[in-house]
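Reader: Could you walk me through the salt bridges here, and then the strands around them?
Author: Gladly; please have the sequence and the model open beside this chat.
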Amino acid sequence: MRPKKATRGLLLRKGVWHIDKWLFGKRLCESTRTSNLAEAETLLAHRIGQARKAHFYGEPREHTFREAGVKFLAENQHKRSIERDVRALKALDPFIGSLPLKRIHLGTLEPYIQYQRKKGNCGGTINRELAVVKRILNLASRYWRDDADQPWMPVAPMLPKVRQMHQRQSYPLSVAEQRLLFSELKEHLRTMALFKVNTGLRQAEVANLRWEWEVEIPELGASIFVIPREHTKYELDRFVVLNRIARSIVESCRGRHPKAVFTYKGNPITTIYNSGWKAARRRAALRYEQEFKRPCPAGFRAVRVHDLKHTFGHRLRAVGVSFEDRKVLLGHKTYDVTTHYSAAEIGLLIAATERVCDLTLRESPAIAVVHPHQPEGIVHQMISSELAGETVSTVRADTYRSILPDRLQGAASEIAKASGVSLDQFITAAVADKVGVLRAAMGSIPDSPVVAAVRRPYGLMAIGSEKDNGSLNRLPRQEIKEDGLANGDPAKACNEVRYWRRPTVTPPNVRRAAIIKKRSSKFPWVERKSEI
């Protein structure tokens, strides 16, 4: 039998098949890297198909990442963050600038990521620069076309975010911490920081505040600032509502400069976070332990200017401001159709910010901040029992943070105010009484020391309109029984917790036997057939 002749365009050289063929006026020379004739013919057919497609439909030209970066910058000159994108592309160019777009993936970006890690940059910084790469690759695969109407690259690869190992958490300041920090700031920085913590503005919005943005509201006898969308983060008009502290700051700055609100030695201030802020932060951290008799937390040592915005949001929630109003006051995107506010709505927002002033002046425990990692040796307030003189347990007095819905929290605030107690005392007593009722219904389970310490000073409450020496009207106090119920009928409490009934579960083998029995009674001929 004669051996099979090789396909034209294939040459055998030293036991390896090579492609040598003219296709549409171009010579194709390539090694197949195999001694198998069938595999070599398959590769040749593939190359012929590629050449035919490029000849009839146009050959797509490979574009480098550097070309794509230049095109991206030329089309996005309107972006406010264009300078940051330029810095990111300059840092990326030595690593992937000369590579074709189809070769940009996580593997080729790994040297750049390791380089940034060695420089000490965190994961957030690296992710912001990689976001520019993702945007360019998506544009190249979906929007950009060459002269042959072909995309710059077929498919954009998926680039996952770099994991952030030590992401810093926000640190809202308490009133005492705010006073300590502000006492170390210079006068011009202290003025801007106090304005920021009472309005919730971002750093750039405070620094760029202009007198021409002030709008008078004759119906209210007050004024607000409306920052144009060109100067805000989400490109939406920002309404700056002023409470009495913010208004006093504005009046103290009036007349110093024709355009800018905040100045230093006659010149507008461009930023709050500078060497003066860092020096004041270090001095305040050194005084922290002496002032509060406990070690200084790491969050206070590295407190940021943006933490003042978190402080304002935390205090708005503490006084019971609704979620929708908080979003407006903090300048968050609301996705609402209405972007203009009437005088009545502005009045409600001003009243909400005034409640923050009242809360700050009386230093209510409701605005005490609970941080996730408290340093060891922190001093907690001791809550003593009214029934006995000894201290029964240690309870944190600064751990209150509202977990109620806004509508329920507003109702609870009104009841607590009418009863002459704070909101945290009202919620603590109500929760303690409910826990006692549930424990009594479940059985004779003794109270834990914390529950006993919280419940015994308040007992069950009878909320009424009359006040008794500035405290709640209470029901007659009785001794706490062994089942943990101070007052009330245990049988009545059992009716409230009927949903605690333990469900019954049938074992699998019993369920299977019941199913077989039911099926046999429904289809008797199946059993007869098996017997035959």
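Author: Arg-229 is partly exposed, at a relative accessible area of 41%, where buried means under 20%, exposed over 50% and partly exposed in between, with a 1.4 Å probe and protein chains only. This is a predicted model, in which local features need pLDDT of at least 70 and side-chain atom pairs count only at pLDDT 80 or more, while totals for chains, interfaces and linings use all residues. Residues are numbered from 1 along each chain as its sequence is written, and side-chain values use heavy atoms, with hydrogens and water left out.

Reader: Which residue does Arg-229 meet in a salt bridge?
Author: Its partner is Asp-237, at 3.7 Å from N to O, the criterion being a side-chain nitrogen of Lys or Arg within 4 Å of a carboxyl oxygen of Asp or Glu. Asp-237 is partly exposed as well, with 32% relative accessibility.

Reader: And Asp-307, buried or exposed?
Author: Asp-307 is buried, at 0% relative accessibility, whereas Arg-304, with which it forms a salt bridge at 3.5 Å between the closest N and O atoms, is partly exposed at 30%.

Reader: How many salt bridges does a search of the whole structure find?
Author: The search finds 16, and a network of them links Glu-184, Arg-283, Arg-287 and Glu-291.

Reader: Switching to strands, what is the order in the open sheet of three?
Author: The order is 4-5-6, with antiparallel pairing; strands are DSSP runs of E with at least two residues, numbered from the N terminus, and two of them pair if DSSP finds at least two bridges between them. Strand 4 (214–217) and strand 6 (238–240) each have a single partner strand, so one side of each lacks a neighbour in the sheet.

Note on methods:
Helix = DSSP H or I, 4+ residues; strand = E, 2+ residues; numbered from the N terminus.
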